[in-house]
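Morning, everyone. I'd like to talk about salt bridges today.

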Amino acid sequence: MAESTSRGYEPHMQRHRLRIAVIAVAALLAAAPACAQDALADYQAKLAQYTQARQDYDAQADTYWNAVVEKRRTRNAKRRDHLPTLLADYVLTQPPIYSGPPRPINPAGPPPEERPPIPLIADFLKAASEQYGFVPQRPASDLDFKRAYAQAASAAGLTRDQIVGVFAFETGGNGTYDMQAGVSATRPHAISPAIGYNQLLSTNSVSILAESGPRLLTALRQKTKTANGDARVALERKIEALKRMIAFSRSVPNHWNDHDRLAKTTAGGLGIHAAILDIDIGPLLQVQKLLNSVLFARAKGYSAPLSAAELELMNLTGDGNGIDMVTMPQTLRERVPTANFFQQSGYERNPVARRTATVAGLIADMEGKMARGAQSPGAKDLAAAF
């Protein structure tokens with residue numbers, strides 16, 4: 001009897017526990033919509049706050065950056081007419097900074113889309129092989145690349161101080177020929193496609209080949225005259241691959257935006273950037289970027305030798321903006337904000353421009369970084385290569 005009672009009690013308790021569980025689940029299900037509604041209401045309230053704050057900021061920012069553009073047009077027109085630029089030709093206030101709440105995440109929406117990853121050296125190499133049958137000839141050591149770079153720079157009329165200064169600023173003085181921005185032993189993701197001693201962008205590589213490709217071909221053909229055997233055959237194959245790259249770079253109008261699209265959205269553009277790793281082509285590409293700035297300054301009537309910091313100004317902000325700062329009197333440099341020489345998106349991505357605030361501050365920061373970087377072993381090796 002006791003056994004019978006015991007067995008009857010156990011199913012009763014199980015049914016009781018089940019009823020409790022069912023009631024608990026029902027309560028959770030009933031509460032879920034309310035919680036979701038609360039979360040959605042909270043999101044909508046935060047979104048309204050963010051939207052208002054962002055609209056207020058965007059209105060201020062649009063006014064500011066439109067003024068920067070208009071002032072730049074005024075200065076360009078003055079230069080075309082050989083008229084001096086004045087303090088009034090610049091925006092003299094600092095850009096507005098967004099200080100409102102961050103954009104909230106929609107609890108009912110899909111997760112935020114991730115930006116596509118920035119291509120890495122392996123991606124550039126793969127595209128070069130597939131699109132042009134080109135595999136860059138890598139140096140036996142970084143010092144070998146430094147020697148080739150110094151030789152190309154000297155042949156172009158660039159000085160040791162200019163080259164070492166730019167190298168020190170762009171890489172801290174210890175960058176390697178295959179250094180990509182943001183990539184390290186502990187961080188596999190790039191922050192930019194910039195590679196090399198003066199951190200050439202993939203768009204730079206496309207643009208340089210489109211504009212100065214024949215000069216690079218001439219330099220390679222000159223090398224074939226003293227090469228023999230396998231070395232000569234390798235150079236001839238390299239020349240043929242470079243011809244195909246140049247043709248592709250010229251398949252669009254000669255404008256930065258068109259070159260940028262090729263570099264970032266086509267396999268042919270990706271493949272061109274791999275040329276920067278080649279011991280024959282890579283130094284020529286990087287030297288040409290700096291030489292173009294020197295030639296631009298001369299064409300604008302600035303015949304004085306560019307200091308390393310002045311050359312880097314042009315390398316960093318573009319030749320048009322760079323020459324504006326190079327030719328600016330010191331009294332103006334101390335008052336003119338760096339924002340005058342950037343687009344809004346570029347300025348917001350550039351911590352150096354934001355931190356230094358004025359042209360004088362930017363130049364001083366560059367000179368300080370160059371002086372420190374020049375004491376690094378890598379910079380000393382590059383200097384010795386001259």
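Start with Lys 78. Its relative accessibility is 18%, and the cut-off for buried is under 20%, so Lys 78 counts as buried. Keep in mind that this is a predicted model.

What does Lys 78 form a salt bridge with? The partner is Asp 89, with the closest N and O atoms 2.8 Å apart. Lys 78 lies in helix H1, residues 2–80. Asp 89 sits in the loop between H1 and helix H2, so the pair ties together parts that are 11 residues apart in sequence. Asp 89 counts as buried too, at 9% relative accessibility.

Next, helix H2. Here Lys 126 and Glu 130 meet through their side chains in a salt bridge, 2.8 Å from N to O. They are 4 residues apart in the helix, which means a separation of about one helical turn. Is Glu 130 buried or exposed? Glu 130 is exposed, with a relative accessible area of 52%.

Asp 280 lies in the loop between helix H8 (267–273) and helix H9 (281–299). Lys 238 is in helix H6, residues 229–249. So this pair ties together parts that are 42 residues apart in sequence. Both Asp 280 and Lys 238 are buried.

This pair belongs to a network. Salt bridges with shared partners join Lys 238 and Asp 280 with Lys 223 and Asp 278.

And the total? The count comes to 18 salt bridges.

Notes
Residues are numbered from 1 along each chain as its sequence is written. This is a predicted model: local features need pLDDT of at least 70, side-chain atom pairs count only at pLDDT 80 or more; totals for chains, interfaces and linings use all residues. Side-chain values use heavy atoms; hydrogens and water are left out. A salt bridge is a side-chain nitrogen of Lys or Arg within 4 Å of a carboxyl oxygen of Asp or Glu. Helices (H or I, at least four residues) and strands (E, at least two) are DSSP runs, numbered from the N terminus. Buried means under 20% relative accessible area, exposed over 50%, partly exposed in between (1.4 Å probe, protein chains only).
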